[in-house]
Every structure is written in C-alpha cells, then in structure tokens.
Amino acid sequence: VAHEFPSFVPGGDRFVFFASSRVPLLSTVRMAALDAATGPAPPISTQPFQSGAIVADTPEGTYVLSVRERELVAQSFDVSRGLVSGPVRTLARRVRSQFSVAFSGTIVYTVDPEVRHQPVWVGRDGRVIGPGGQVGSYQELMFSRDQTKVAYVRAAEAGGVRVVWVQDLTSGSETRLRIDGVPDDPTWSPDGRRLAISLKVEDARDPDVHIIDLARPDQPRRL
C-alpha cells in the first residue's frame, strides 16, 4: 500500500491521505493527526476511492472532493467523526485527478479535451473519397491481410469506454465485439478469422493478450 496526496483538514492538525492499493477496491482515503502520526488512521468511507481527496469548507458545510470515473464529486464530511455521509454530488465531468480548492471555495481543475475525429478514405492522388467510419475517438485501425475488413478501437469521446469494432469494407457495415475490459491494439490473424488484442479486464493489474474468434467474439481466450 502506498500513502500519498496528503491534504490538511481545515481548522486543525488532522489531514487526509490516499492509501493506494494494487487491488483497486481496497484503495481508500484515511484521516490521521500530526500528534498521533503512528496511531490509527481510519478510512473516511466504506467505499473505495480512485485518487486523493481534499476536505473543503463551504457556505453549505464541509465536503470531501475527489475524482471518480473522471467526474469531480463532493460528499458531505463530518469532521468530528471523520466520516463522509449523504449522497455524492457531481460537480464536473471529464476531470483529471489534478484539482485544488481555494480558501474562498473556488475550485480549479483540469479536464480532458473532447477529441473526436472521423477516418476518411483518401485516393492515391491524395483526394478525399469519403468517410471511413462514424465520428468518435479512435485508438488504432488495422486492415485484414485480404483488405476486406478493418478493426479498430473507438470510444464516443476521449477517455470514454473503448470498444472494438470490425467494419466490412464491401458492405460498409460495422460489428461491435461485445467483450468485457479495456481493449487496445487489434491485430488480424493471417486468415482474417481471429483478432489478437491487448485486453485489461476488471481487477487485473496489467493487460494481457487475448485471442478473439470472430465466430464467437464474446469468448476471448487469454494467452
């Protein structure tokens, strides 16, 4: 477990910090005091955290701010008990983990740009022939060896859920491969019947190579 991102609680010598675990569900934010540095540091919530948190005083009360699933969220915080309570409020979306709160209550944060593009077909003479797919955030595009299909990873927006798609270049139809996890780097087998992809499944620390048989795309096989 790594301890990082300390942030003082207003009006005292206590502070919160992010206790990061290799198991994401065990990562949490804990509270400790300067005069009891070696004492217990209980978690402020029974729910896991994905990044560090900041405790902020506002005219409405004291809140814990953090980033979860790319959303800046706030939850009421009982300083005396060291526990969050009540519903989670979303303050902003597409937020990176870097943010700060001024004494006035002003929040400064960074967001991911909404990067979207559309592939196009270009002739050998350099002229655009037409669109090659829907608008989205593309990661990789890979042609099959016989050049009848193209596989790509696409999300609706930058930082969104990534999905593997296969387009039939004869008909122009797209097929979504419904697999669980975060895919990357699709590569065709020589016969065009299978794909090898890098896939990071839930609770896995690192991605692994998986083989997808297009006849059974919902059953990827880990190598």
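**Values against cut-offs**

Q: Why is E71 called partly exposed?
A: Its relative accessible area is 22%. Buried means under 20%, exposed over 50%, and partly exposed in between (1.4 Å probe, protein chains only). E71 therefore counts as partly exposed. This is a predicted model: local features need pLDDT of at least 70, side-chain atom pairs count only at pLDDT 80 or more, and totals for chains, interfaces and linings use all residues. Numbering starts from 1 along each chain as its sequence is written, and side-chain values use heavy atoms, with hydrogens and water left out.

Q: What makes E71 and R93 a salt bridge?
A: Their side chains meet at 2.3 Å, N to O. The rule asks for a side-chain nitrogen of Lys or Arg within 4 Å of a carboxyl oxygen of Asp or Glu, so the pair qualifies. E71 sits in strand 6 (residues 71–78) and R93 in strand 7 (residues 83–93). They are 22 residues apart, so the pair links distant parts of the chain.

Q: How many salt bridges does the rule give?
A: Nine. Among them, D191 and R194 meet at 3.8 Å, N to O. D191 is partly exposed at 42% relative accessibility, and R194 is partly exposed at 35%. Another is D213 with R216, at 3.3 Å, N to O. Here D213 has a relative accessible area of 25% and R216 has 45%. Both values fall in the partly exposed range.

Q: How do you know that the chain is more spread out than a compact globule?
A: Secondary structure comes to zero helices and 19 strands. These are DSSP runs numbered from the N terminus: helices are H or I with at least four residues, strands E with at least two. The radius of gyration is 23 Å, well over the 17 Å from the globule rule for 223 residues, so the chain is more spread out than a compact globule. The radius is taken over C-alpha atoms, and the rule is 2.2 Å times the number of residues to the power 0.38. Along the principal axes, the C-alpha atoms fill a box of roughly 70 × 40 × 25 Å. Of the 223 residues, 35% count as buried.

Q: Which residues make up the largest nonpolar core?
A: There are twelve: V9, V16, F18, V29, M31, I44, F49, A53, V55, V64, F77 and V84. Strand 2, strand 3 and strand 4 (53–58) each give two or more residues to this core. Membership needs buried Ala, Val, Leu, Ile, Met, Phe, Trp, Tyr or Cys residues, joined through side-chain atoms within 4.5 Å.

Q: What is V84 in contact with, beyond its neighbours within four places in sequence?
A: I44, S45, V64, Q75, S76 and F77. Contact means heavy atoms within 4.5 Å.

Q: Why is L25 called exposed?
A: Its relative accessibility is 59%, so L25 passes the cut-off for exposed. L25 lies in the loop between strand 2 (14–20) and strand 3 (28–33).

Q: Where is D185, and is it buried, exposed or partly exposed?
A: D185 is in strand 16 (residues 182–188). Its relative accessible area is 44%, so D185 is partly exposed.
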